[in-house]
Amino acid sequence: MRRHKIALIPGDGIGSDVINAGREVLDALAASDGSFGFDFESFDWGSDRYRRVGTMMPADGVDTLRGFDAIYFGAVGDPEIPDHITLWELRLAICQGLDQYANVRPSRLLPNITGPLRPELGRDIDWVIVRENSEGEYAGAGGRAHRGLPIEVGIDVSVFTRAGIERVCRFACELALSRPRKKLTIVTKSNAQRHGMVLWDEVCRGVIKDFPALAVDWMLVDAMTMRLVLRPGTVDTVLATNLHADVLSDLASALSGSLGIGATANLAPDRSTPSMFEPIHGSGFDLVGKGIANPIGAFWSAVMMLEHLGEADAGARLMAAIEQVTAEGTALTPDLGGTAGTRDVTAAVIAILQRQSVAEAGTTRRSA
């Protein structure tokens, strides 16, 4: 049996709810399949740990994670702790420390889900956004001086390197080529950011020469927000910088019905370090203790993790179960217009996986 060693980092807020639900679904999927399994190890890193000991994770946390096949992450953020502490000392520390430079966020209107767009527009949503995940606007370069004085200054420097741009652009081109439409939109803001973003444009133009089969177009980020809303059918694969893609992907999830269904893969494409998979919805402290957090984003992230681990068939089974649950509409959380809780959605997905297994077993017996 194939075994996959997975680090669980539930993190903050509803992270525990959705990651525990995801673990339960993954265990059920593995049990029904029989050809692979998981060895999970959970880490209590996050804001509660920060309150206890003053750090979000241990100093050797990133090195500890190197021994795993993948990381399944819940959420980060706490209303009592500044965001720059929670984010930079946990999620970004992991992404940058393990050089997970390609952030991939798919968006699609799942069956029976109604988004805010007119139905004929919503049906056209089938996108994947590639976010440069290691530098750009979130590189962390900068500082503050003259603290507390009238002349106090804060400086953040966007860092764009030729190597960083080239590798994520190449990744996006290869991903776009693997999709039926073979279409890539490169997002920029080089009309206003005349150094880093001009370099971004120049390097991307050099890379796409190696991919003549791709249809490539370019959009300024502000125009791209309008295009996602008004002409969703013209979009397929999108490449954008760290900040621009962060904003665009949240818009994409909202247009797909809810932030609760958004999924993310933080990839180290050369597999020299483990990749990390997480829902995009954040810690949702207004939902803590209510049992109504939407686990679909965590389940969809698990699909991406399965694909990365070489379990594509299992990932397809889980995605089919997610789609069946939304299509049936009897186990939807309040953000999707339903009344179900996290446990209800989890149980519904597991029940479908189990029925899939029974049906496949029956087909095998009849074939024999």
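Trainee: Which strand gives the largest share of the lining of the largest cavity?

Mentor: Keep in mind that this is a predicted model. The strand is β4, residues 102-108. It supplies three residues of that lining.

Trainee: How many cavities of 30 Å³ or more does a search of the whole structure find?

Mentor: One. The space in the largest cavity is about 30 Å³.

Trainee: Which residues line the largest cavity?

Mentor: P106, S107, R108, S253, S256, I261, G262 and W300. Sorted by class, that lining has four polar, three nonpolar and one charged residues.

Trainee: Which elements give two or more residues to the lining of the largest pocket?

Mentor: β4, β5 (126-132), α6 (162-178), β11 (263-267) and α10. The largest share comes from α10, with five residues. By class, the lining splits into 15 nonpolar, seven charged and three polar residues.

Trainee: How much space lies in the second largest pocket?

Mentor: About 340 Å³. Its lining counts 18 residues, and the closest to the centre are L87, R91, R105, D246 and I280. Elements that contribute two or more are β3 (70-75), α4 (83-97), α9 (242-255) and β12 (275-279). This lining divides into nine nonpolar, six charged and three polar residues.

Trainee: Next, helix packing. What describes two packed helices?

Mentor: The angle between their axes, and the distance between the axes. Take α10 (residues 296-308) and α11 (residues 312-328) here. They pack at about 160°, with axes 7 Å apart.

Trainee: Are α10 and α11 roughly parallel or roughly antiparallel to each other?

Mentor: Angles over 145 degrees count as roughly antiparallel. At about 160°, α10 and α11 are therefore roughly antiparallel. The crossing of α10 past α11 is left-handed.

Trainee: Which residues of α10 meet α11?

Mentor: I296, F299, W300, A302, V303, L306 and E307. Their partners in α11 are A312, A314, G315, L318, M319, I322 and T326. By class, this contact has eleven nonpolar, two polar and one charged residues.

Conventions:
Residues numbered from 1 in each chain as written. Predicted model: local features only at pLDDT ≥ 70, side-chain atom pairs only at ≥ 80, totals over all residues. Heavy atoms only, no water. Axes fitted to C-alpha atoms, helices over the stretch in contact; angles between N-to-C directions. Helix = DSSP H or I, 4+ residues; strand = E, 2+ residues; numbered from the N terminus. Parallel < 35°, antiparallel > 145°, perpendicular 65-115°, else oblique. Left-handed = near helix turned anticlockwise from the far one by under 90°. Contact = heavy atoms within 4.5 Å. Nonpolar A, V, L, I, M, F, W, Y, C, P; charged D, E, K, R; others polar. 1 Å grid on protein atoms, 1.4 Å probe; cavity = no way out; pocket = protein on both sides within 12 Å on 5 of 7 lines; lining within 4 Å. Points joined across faces, edges and corners; volume = space filled by probe spheres on them.
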